[in-house]
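Open the model in a viewer and keep the sequence panel in view. The stops below are given as selections, each followed by what is found there.

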Amino acid sequence: MPGRRSVVDYSLQRRAVLADVYAGRTGLFEVCDASPYLSRAAKYHGEATSVVCPVCRRERLTLVNYVYGDHLGPTSGQAKTEAELARMNAVQDEFTVYVVEVCRSCGWNHLDSSYVLGAEPVPGQQRRRGRRRAATE
């Protein structure tokens, strides 16, 4: 998505967690603990990937985007699709997106990346409103 900035990739942390699982230092119950809310978000708001689950190897992983921002109100903490993120990017002040990978089969989940979208704050200017007013108002 254009406009991504302050991108953080958690793949090294993921690799370390999986190394501990494969070596037996970390149990499956510790890493395959997706909450029912995350599993449901993966089903309805997630994007399927071509990456096979590194734990169960039965199903492809799904990416779920969560948005957070002080000015988002009740939208903060919700799962959003890529299309919804594109719309929010065009009309919202700066907000953070956290991308979580989840296996809907075994419950593996891990933070994949995070980044910032929305209008960058300009010193001395007021924040934009969350919604644009229609031309007829």
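Select Arg5 and Glu94: their side chains meet in a salt bridge, at 3.3 Å from N to O. This pair links distant parts of the chain, with Arg5 in strand β1 and Glu94 in the loop between α4 and β5, 89 residues apart. The model is predicted. Colour by accessibility here: Arg5 counts as buried because its relative accessibility is 17%, under the 20% limit. Glu94, at 34%, counts as partly exposed.

Arg4 lies in the segment before β1 and Glu82 in helix α4 (residues 82–91), so the pair ties together parts that are 78 residues apart in sequence. Both ends are partly exposed: Arg4 has 37% relative accessibility and Glu82 has 25%.

Arg4 lies over the face of the Tyr115 ring, 4.2 Å from the ring centre.

Now show strand β6 (residues 109–117) as a whole. Seven of its nine residues are buried, so the strand is mostly covered.

β5 and β6 pair in the antiparallel sense over eight bridges, and Tyr115 in β6 is the bridge partner of Val97. Follow the hairpin of these two strands, which has six residues between the strands, and stop at Gly107, where phi is positive, near 95 degrees.

Which residues make up the aromatic pair that a search of the whole structure finds? That search gives one pair: select Tyr68 and Tyr98, which are arranged edge-to-face, 5.7 Å centre to centre with 70 degrees between the planes. Tyr68 belongs to strand β3 (residues 60–68) and Tyr98 to strand β5 (residues 95–102), 30 residues apart. Tyr68 is partly exposed at 38% relative accessible area, and Tyr98 is partly exposed at 31%.

For the last stop, select Arg25 and Asp20. Theirs is one of the four salt bridges found in a search of the whole structure, and the closest N and O atoms are 2.9 Å apart.

Key
Residues are numbered from 1 along each chain as its sequence is written. This is a predicted model: local features need pLDDT of at least 70, side-chain atom pairs count only at pLDDT 80 or more; totals for chains, interfaces and linings use all residues. Side-chain values use heavy atoms; hydrogens and water are left out. Rings of Phe, Tyr and Trp (its six-membered ring) pair if their centres lie within 6.5 Å; planes under 30 degrees apart count as stacked, over 60 as edge-to-face and the rest as tilted. Helices (H or I, at least four residues) and strands (E, at least two) are DSSP runs, numbered from the N terminus. Buried means under 20% relative accessible area, exposed over 50%, partly exposed in between (1.4 Å probe, protein chains only). A charge sits over a ring if NZ of Lys or CZ of Arg is within 6 Å of the ring centre and within 35 degrees of the ring normal. Two strands pair if DSSP finds at least two bridges between them.
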